[in-house]
Amino acid sequence: MPACPKPTRRKRIVRDKPRSMPCQVPLEEDEQYCVVQWLELHGIMFQASSMGLFMPLPTRMKFKKMGCKANHPDLIIYDRPQVVENGKVFVGAALEMKRVTGGEFRPGQKEYLEALRDRGWAVMERDGEVVAARGAGEAIAFLESCGYGQKQGTRFKVTPSISKLAVHGRIKG
């Protein structure tokens, strides 16, 4: 009978070069954390969608039965915007967040935002086309253009580098 070979240990691989640096572009969730903090700072009533989270199939089915819809925007702002556009008063605002670079609409997301726009909600548009907010800076700039974030007649300024502050969802300063 042949003898069993002895168990061997795997050799540890030693890398000469350090691994490449992680991506410097904040994740969509980090950008959204930044916008959520801004909304809370200004006392604006909003709701974030949980449909972008990973859930086991039974939980997803339960949420679907309870009325959760696919392609729902990332943020719904219930407070009415102060800005009136061409005599049209908006019901609220809807935001779909994407990373500053990369990230595209999933099938149905754009149509959902267009349906909300047709029902009187403020959504981000560029050249008449519904678009997603590319980073926290763009989202906050849109919200300010709608009149959100004004306290006692003063506007808060947003710097273009606000996306860089969204690391770990905290505004440092």
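**View 1. The buried residues of helix H4.** Gly135, Ala136, Gly137, Ala139, Ile140, Phe142, Leu143 and Glu144 are the buried residues of H4, where buried means under 20% relative accessible area with a 1.4 Å probe and protein chains only. That makes eight of 11 residues, so H4 is mostly covered. Helices here are DSSP runs of H or I with at least four residues, strands are E runs of at least two, and both are numbered from the N terminus. Keep in mind that this is a predicted model: local features need pLDDT of at least 70, side-chain atom pairs count only at pLDDT 80 or more, and totals for chains, interfaces and linings use all residues. Residues are numbered from 1 along each chain as its sequence is written, and side-chain values use heavy atoms, leaving out hydrogens and water.

**View 2. H1 against H4.** Helix H1 (residues 28–41) packs on helix H4 (residues 135–145) at an angle of about 30 degrees, their axes 8 Å apart; axes are lines fitted to C-alpha atoms over the stretch in contact, with angles from 0 to 180 degrees between N-to-C directions. From H1, Glu31, Cys34, Val35, Trp38 and Leu39 meet Gly135, Ala136, Ala139, Ile140, Leu143 and Glu144 of H4, contact being heavy atoms within 4.5 Å.

**View 3. The buried side of H3.** In helix H3 (residues 109–118), Gln109, Leu113 and Leu116 are buried. They sit on the same side of H3 because they cover an arc of only 60 degrees around the axis, taken from the directions from the helix axis to the C-beta atoms. Their cover includes strands E2 (75–77), E5 (93–95), E6 (97–98) and E8 (129–130).

Methods: Buried means under 20% relative accessible area, exposed over 50%, partly exposed in between (1.4 Å probe, protein chains only).
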